[in-house]
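Please look over the sequence and the model before reading on.

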Amino acid sequence: MIFDLRGELEMDTVTGILYSMVDGNYKRLKSIVANMSQEEIDYKGPDRKCNSTAQLLKHLAYVDLTWVYRIKDEVMPLDLEEKYGPMLDENNQLPQLKGISLDVLLNDYDDVINMIKSLCCQLTDKQLNQLVDYENGNEATIKWGIWHIADHNRYHQAHITQLRKWFSQN
């Protein structure tokens, strides 16, 4: 196997490199969660205070979808907001989830990754320098946003790996 940062043929060079980071990290995430039982997907750590794998997968999909609409400079459609959101519950925590199968979570996330791919096929490398609204009145370039999608995914992979370790020891 050869690892590389080659994007899709229909993407500009830098856009393709950034997309390949998203795609590579998503594939790695899917390998980390492969074959998890429902009990393990819903497991919240030894003290039951951690976010479960289900919560983290839904959170990642929602954040990535938010970036798609941020980059497109469009409001997320209400049906997608209801399906993937909210970002946080009334206690400022990731919303509680239980009993949602890995297949459902990954199929929903696959749809978001496909939206990112489609968006990247439409972006030019020059557009990557455009600014988009971010959080708390800040702005970010589109290239930073795509990098952030990949980085955020990898960040939560560590949490899921730790949950798997605890679950196997339990």
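How many residues has helix 1, and how far does helix 1 reach from its first C-alpha to its last? In this predicted model, helix 1 has 21 residues and reaches 30 Å, close to the 30 Å expected at 1.5 Å a residue.

- The buried residues of helix 1 are Thr15, Gly16, Leu18, Tyr19, Ser20, Val22, Asp23, Asn25, Tyr26, Leu29, Ile32 and Val33.
- Helix 3 (53–72), helix 5 and helix 6 (142–169) are among the elements that cover these buried residues.

**Contact of helix 1 with helix 5**
- The axes of helix 1 (residues 13–33) and helix 5 (residues 102–122) come within 10 Å of each other and cross at roughly 175°.
- Because angles over 145 degrees count as roughly antiparallel, helix 1 is roughly antiparallel to helix 5.
- On the helix 1 side, the contact is made by Thr15, Tyr19, Val22, Tyr26, Leu29, Lys30 and Val33.
- These residues meet Leu102, Leu106, Tyr109, Asp110, Ile113, Ile116, Lys117 and Cys120 in helix 5.
- By type, the residues of this contact comprise 11 nonpolar, one polar and three charged.

**Glu40 in helix 2**
- Glu40 lies in helix 2 (residues 38–42).
- With a relative accessible area of 8%, Glu40 is buried, because buried means under 20%.
- Leaving aside neighbours within four places in sequence, Glu40 is in contact with Thr53, Arg164 and Phe167.
- The side chains of Glu40 and Arg164 make a polar contact (2.7 Å).

How values were computed:
Residues are numbered from 1 along each chain as its sequence is written. This is a predicted model: local features need pLDDT of at least 70, side-chain atom pairs count only at pLDDT 80 or more; totals for chains, interfaces and linings use all residues. Side-chain values use heavy atoms; hydrogens and water are left out. Axes are lines fitted to C-alpha atoms, for helices over the stretch in contact, and angles run from 0 to 180 degrees between N-to-C directions. Helices (H or I, at least four residues) and strands (E, at least two) are DSSP runs, numbered from the N terminus. Angles under 35 degrees count as roughly parallel, over 145 as roughly antiparallel, 65 to 115 as roughly perpendicular and the rest as oblique. Contact means heavy atoms within 4.5 Å. Ala, Val, Leu, Ile, Met, Phe, Trp, Tyr, Cys and Pro count as nonpolar, Asp, Glu, Lys and Arg as charged, and the others, Gly among them, as polar. Buried means under 20% relative accessible area, exposed over 50%, partly exposed in between (1.4 Å probe, protein chains only). A polar contact is a pair of N or O atoms within 3.5 Å; within protein, one must be able to donate a hydrogen and the other to accept it, and residues adjacent in sequence count only if both atoms are side-chain atoms. The expected span of a helix is 1.5 Å times one less than its number of residues.
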